[in-house]
Amino acid sequence: MNDCVFCKIERGEIPSKKFYEDELMFIIADIEPKAEKHYLMIPKKHYKLLADMTEEDAANLAKCLKKLSELAPSLGLGGGYRLVINQGDDAGQTVHHLHVHVLGGQKMDFPKL
Ligand code: 5GP
Ligand code: ZN
């Protein structure tokens, strides 16, 4: 997608340090961190929602999650981490390219009602 910020980062058109990259995904730090450690794990294929996934996309996302679990200690997440995938407007999804927020480096809490 030409005007997608994450596709632009993947192509190197917007500079961003990639902490990890393989054929399926890359990991960058969120530009507006919401935790001591806040990464974005971004599948390279552009699609917006889990509902848009093909079977292959789903299998690839599972592979990405497994790889993330292996990388976690080297990302400073050895104490644990939280994954968030915002889906649509009510969740506050602002970038319409599926991505997994990876939050940690501190004790996490849930928002209070
Ligand atoms: P969403 O709100 O869609 O779940 O998450 C999008 C995230 O992307 C936000 O947390 C936002 O801070 C992050 N973000 C948006 N633009 C950029 C950028 O150019 N570079 C980086 N590293 N993160 C970005
Ligand atoms: Zn994209």
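User: Which residue stands opposite Ala29 in β3?

Analyst: Tyr39 does. Keep in mind that this is a predicted model.

User: What makes β2 and β3 a pair?

Analyst: Pairing takes at least two bridges between the strands. β2 and β3 (residues 37-43) have five, and they run in the antiparallel sense, so they count as a pair.

User: And how do you know that β1 pairs with β2?

Analyst: That cut-off is at least two bridges, and two bridges join β1 (residues 20-21) to β2, so the pair qualifies. These strands run antiparallel, with Tyr20 standing opposite Ile27 in β2. The link from β1 to β2 is a hairpin through three residues.

User: Why is β2 called largely enclosed?

Analyst: Four of the five residues of β2 (residues 25-29) are buried, so the rest of the structure largely encloses that strand.

User: Over to His101. Why is His101 called buried?

Analyst: Buried means under 20% relative accessible area. You'll find His101 in strand β5 (residues 100-104).

User: What does His101 touch, leaving out residues up to four places away in sequence?

Analyst: Its contacts are Asp30, His38, Tyr39, Leu40, Arg82, Leu83, Val84 and Asn86. Tyr39, one of these, is also the residue in β3 opposite Ala29.

User: What makes the His101 and His99 side chains a polar contact?

Analyst: The N or O atoms have to be within 3.5 Å. The side chains of His101 and His99 make their polar contact at 3.5 Å.

Notes. Residues are numbered from 1 along each chain as its sequence is written. Chains are lettered from A and ligands numbered from 1 in the order in which they are written. This is a predicted model: local features need pLDDT of at least 70, side-chain atom pairs count only at pLDDT 80 or more; totals for chains, interfaces and linings use all residues. Side-chain values use heavy atoms; hydrogens and water are left out. A polar contact is a pair of N or O atoms within 3.5 Å; within protein, one must be able to donate a hydrogen and the other to accept it, and residues adjacent in sequence count only if both atoms are side-chain atoms. Contact means heavy atoms within 4.5 Å. Buried means under 20% relative accessible area, exposed over 50%, partly exposed in between (1.4 Å probe, protein chains only).
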